[in-house]
Amino acid sequence: MKREFSLWSAFAFAFAFISPIVAMYGIYGLSLSTAGPGFWWTFLVVGVGQFFVALAFAEFVSRWPLEGSIYQWTKKLAGEVAGWFAGWVYMWALVIIMATVAYGGAGFLSHLVGIPEPSATQQSAIALGILLAGTIVNILGRTFLKILMVGSIIAEIVASLGLSTYLLIFHRHHGFDAVLHGPDLSTGWSWAYMSGPFLAALAFTSWSILGFESAGAIAEEVKDPQRNVPRAMIFAVGFIALVIAYASLAVALAVPDFDVITSGEVADPVYYVLEGALGSDAVKPILFLFVIGFLASFLALQATGSRVIWSYARDRALPGSKVLVRLSRSEAQPVPAILVTTVIGALVYLISTTDVYSVLVTFTAGGYYLAFLFPLVTGLVSRLKGTWEPGPWNLGRFSTVVAAIAVLWAGFAFVNIVWPRQPAEPWYINWAFFVAMGAILALGAAIQRTRLSTPPKDPPAGPPHTEAEQIREPA
């Protein structure tokens, strides 16, 4: 890998991965219809929780600045088997989210090309085009990727901050006290609201503010990663949480009528607000900015997923590792690994009209937090045992406290996300996470069994794969 990313590039990468546009607008309609304007507080709750996770991850990447992030951290903390399954869950969550983000971006792109209500087939076809175009960009190299990441930040600032300020000043239909109410603005909060609709909205938001750890997945491509990557992670999650909270507040207060949203009459609250404030013609340029946000998020997701696959292949931990570990000569890009994510994404679109797709999408949120819990729990155990060795960037005496809070938050978010809430749905939808996780773990166990039964070949002669592997390794 070439070290061509700076601190700014690593931040831009994590920023584009989370993408305030994708993070907010992807779940806004669900949250607002479920919990009303009071759901705005979920952004603050999740932002604080994820900030503690980012602090814990920052210590991991400072000690082990290796491609693959969660896979490598868990392997160093708890051994090869635990690391393998942590990365396996993380890898599948990344690739499926990658496909769903392209699918969401296809919805906005269809509006721009004159298809206001695309069918599932049309949206899947547009998403496939995004997938193929994104694959080409990722293969071309880091220069193209950095340019698009910067373009994404500009688009996000205009769409999230600029537009939100305009809505707050000129199109605010409600007072700031609206966020102290649930779906019915005439009543305040209650225990029934907090334990029901608010927790459900919290689960949606927990899914949206993810991806800050992606800067760690490209650590071997960042200059001085032991210091720059931790800073990029922490700044990305903190800044984005504030941007999302500000934008969601502006849109919530600009809703002309909450009843048409909670009743389901309006399927897309964001478009409803923007069209009412700006008019149909003025919305199109804003939709273009949304498309840029979704495309940049897709590119960052694909790049992260391919790096995790490449990291496995370097350890000869996947079938076909000899091919998957190859890098392009000019740009040192993991082209075979990138192509694998493309194939899996295309297969996801083939089942986009079936219940299997719904099961996979439901798996991604819970799967992401389960992957988080592997290094967080094993890292906390290491600290409690006194075996933890900090890297150059560390929290000092606060390390164990922060690690404990991060475990508690990630555990709570995981349970809240996978908790069955839809008894009226078929059992395989209500228990979708467990169905998909069972299938993915079964496949992983089969691959692991094959690996363990096959004697490893002698490693190639020569120095370690990267200089990072020699940094701060315990004796």
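Guide: Welcome! Let us start with residue classes: Ala, Val, Leu, Ile, Met, Phe, Trp, Tyr, Cys and Pro count as nonpolar, Asp, Glu, Lys and Arg as charged, and the others, Gly among them, as polar. The structure above is a predicted model, in which local features need pLDDT of at least 70 and side-chain atom pairs count only at pLDDT 80 or more, while totals for chains, interfaces and linings use all residues. Residues are numbered from 1 along each chain as its sequence is written, and side-chain values use heavy atoms, with hydrogens and water left out.

Visitor: How do the residues that line the largest pocket divide by class?

Guide: The lining has 32 nonpolar, twelve polar and three charged residues. A pocket, on a 1 Å grid over the protein atoms alone, is an open set of points with protein on both sides within 12 Å along at least five of seven lines; a cavity is a set where a 1.4 Å probe fits but cannot get out, and lining residues have an atom within 4 Å of a point. Points are joined across faces, edges and corners, and the volume is the space filled by probe spheres set on them.

Visitor: What volume does the largest pocket have, and which residues are closest to its centre?

Guide: The largest pocket holds about 1800 Å³ of space. Its lining counts 47 residues, and Gly-26, Ile-27, Leu-30, Phe-204 and Val-361 are the closest to the centre. Helix H6 (residues 80-112) gives the largest share of that lining, seven residues. Helices here are DSSP runs (H or I, at least four residues), numbered from the N terminus.

Visitor: How many cavities does a search of the whole structure find?

Guide: Rolling a probe the size of a water molecule over the atoms shows where empty space is left. In this model, three cavities of 30 Å³ or more turn up, and the largest cavity has a volume of about 120 Å³. Among the residues lining the largest cavity are Phe-17, Trp-207, Ser-297, Leu-301 and Tyr-368. The elements giving two or more residues to this lining are helix H1 (7-18), helix H2 (20-25), H6, helix H9 (191-208) and helix H14 (280-314). By class, the lining of the largest cavity has ten nonpolar, two polar and no charged residues.

Visitor: Is Leu-94 buried or exposed?

Guide: Buried means under 20% relative accessible area, exposed over 50%, and partly exposed in between (1.4 Å probe, protein chains only). Leu-94 sits in helix H6 and counts as buried because its relative accessibility is 0%. Contact means heavy atoms within 4.5 Å. Beyond its neighbours within four places in sequence, Leu-94 is in contact with Phe-17, Leu-301, Thr-304, Gly-305, Val-308 and Tyr-368. Leu-94 and Val-308 are 214 residues apart along the chain, yet their C-alpha atoms are separated by 9.4 Å.

Visitor: Where does Arg-307 lie?

Guide: Arg-307 lies in helix H14, and its relative accessible area of 1% is why it counts as buried. With neighbours up to four places away left aside, the contacts of Arg-307 include Glu-67, Arg-142, Glu-221 and Gln-333.

Visitor: Which residues have the most contacts inside the largest nonpolar core?

Guide: A nonpolar core is a set of buried Ala, Val, Leu, Ile, Met, Phe, Trp, Tyr and Cys residues joined through side-chain atoms within 4.5 Å. The largest core has 161 residues, and Phe-57, Phe-290, Phe-363, Phe-372 and Leu-376 have the most contacts inside it. H6 supplies the largest share of this core, 20 residues. Another core, of six residues, lies apart from it; Leu-55, Ile-234, Leu-395 and Val-402 are among its members.

Visitor: What is the phi of Asp-224?

Guide: Phi of Asp-224 is near 45°, a positive value in a residue other than glycine. Asp-224 is found in the loop between helix H10 (214-217) and H11, and counts as partly exposed at 37% relative accessibility. Arg-316 also has a positive phi, near 55°, and lies in the loop between H14 and helix H15 (321-324). With a relative accessible area of 42%, Arg-316 is partly exposed.
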